[in-house]
Amino acid sequence: MTQAPCVQRLGVFGGAFDPPHQAHVALVQAALTQLQLDQVRVLPTGQAWHKTRTLSEAAHRLAMTRLAFEGQSRVVVDDREIMRLGPSYTVDTLHELQTEFPQAQLYLLLGNDQRRSLAAWHQIEEIGRIAIICAASRDTGVKAWSDSGSTPSQPLSDAIEARIQILNMPLMPHSATDIRVLVATDQAISGLVPTAVERYIHEHHLYRPH
């Protein structure tokens with residue numbers, strides 16, 4: 001894979017994106033601006049080791065994520081975690097990107113719920129060594145990023161805590177969980193997800209009760 005040599009500051013943003021919503025887009029936009037990133041890699045989760053619920057089909061989540069970030073020149077939707085066999089760990093993705101972009105500083109972008117479960121992540125100390133961790137500000141509220149299946153909060157080591165940078169973002173109180181419930185109960189989601197994502201959800205009858 002040939003990579004552009006000009007990428008010196010690379011953001012990495014993973015998640016279920018089930019579905020991708022406006023808070024995801026806002027986080028990436030905030031990171032691009034506040035961290036002066038050259039590029040952000042958005043990675044839909046493959047086999048999520050930490051989720052207790054079954055995710056929607058990977059093909060749907062990947063398609064919706066591409067629609068959510070369509071037209072953003074510095075954002076690349078990366079399917080490597082979906083294509084990876086077995087459990088998908090962030091540390092493996094960071095190692096791969098470090099090899100592909102040897103000159104780049106990696107910035108791991110997190111929503112508020114991800115930050116609260118960070119201590120339970122696989123090889124978190126190694127993650128902190130490879131990447132600068134950047135999280136949505138705590139005052140965005142728990143619901144802004146919450147999703148079912150997240151690991152309960154655990155304390156982080158002082159070394160990891162010291163490396164976390166905060167991204168300033170507006171309060172966005174709806175989560176992917178909320179959006180799935182709204183669709184399942186035939187309520188409107190306009191404005192909560194990008195228009196193209198909303199259209200895709202309805203065209204493919206996602207999140208409807210069976």
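Guide: Start at Glu70, which is exposed because its relative accessible area is 59%. Here exposed means over 50% relative accessible area, buried means under 20%, and partly exposed lies in between, with a 1.4 Å probe and protein chains only. This is a predicted model: local features need pLDDT of at least 70, side-chain atom pairs count only at pLDDT 80 or more, and totals for chains, interfaces and linings use all residues. Residues are numbered from 1 along each chain as its sequence is written, and side-chain values use heavy atoms, leaving out hydrogens and water.

Glu70 sits in the loop between H2 and E3. Helices (H or I, at least four residues) and strands (E, at least two) are DSSP runs, numbered from the N terminus. Ala196 is 126 residues from Glu70 along the chain, yet their C-alpha atoms are separated by 9.2 Å.

Two packed helices are described by the angle between their axes and the distance between the axes. The axes of H2 (residues 58-68) and H9 (residues 195-203) come within 8 Å and cross at roughly 155°. Axes are lines fitted to C-alpha atoms, for helices over the stretch in contact, and angles run from 0 to 180 degrees between N-to-C directions. H2 and H9 are therefore roughly antiparallel. The cut-offs are under 35 degrees for roughly parallel, over 145 for roughly antiparallel, 65 to 115 for roughly perpendicular, and oblique for the rest.

Now the contact itself, where contact means heavy atoms within 4.5 Å. H2 supplies Ala59, His60, Ala63, Met64, Leu67 and Ala68. H9 supplies Ala196, Val197, Tyr200 and Ile201. By class, the contact has 9 nonpolar, 1 polar and no charged residues. Ala, Val, Leu, Ile, Met, Phe, Trp, Tyr, Cys and Pro count as nonpolar, Asp, Glu, Lys and Arg as charged, and the others, Gly among them, as polar.

Stay with H2. Its buried residues are His60, Arg61, Leu62, Met64, Thr65 and Ala68. They pack against helix H1 (22-34), strand E2 (39-44), strand E3 (75-77), helix H3 (80-83) and H9.

Just after H8, Asp186 takes a positive phi of about 60°.
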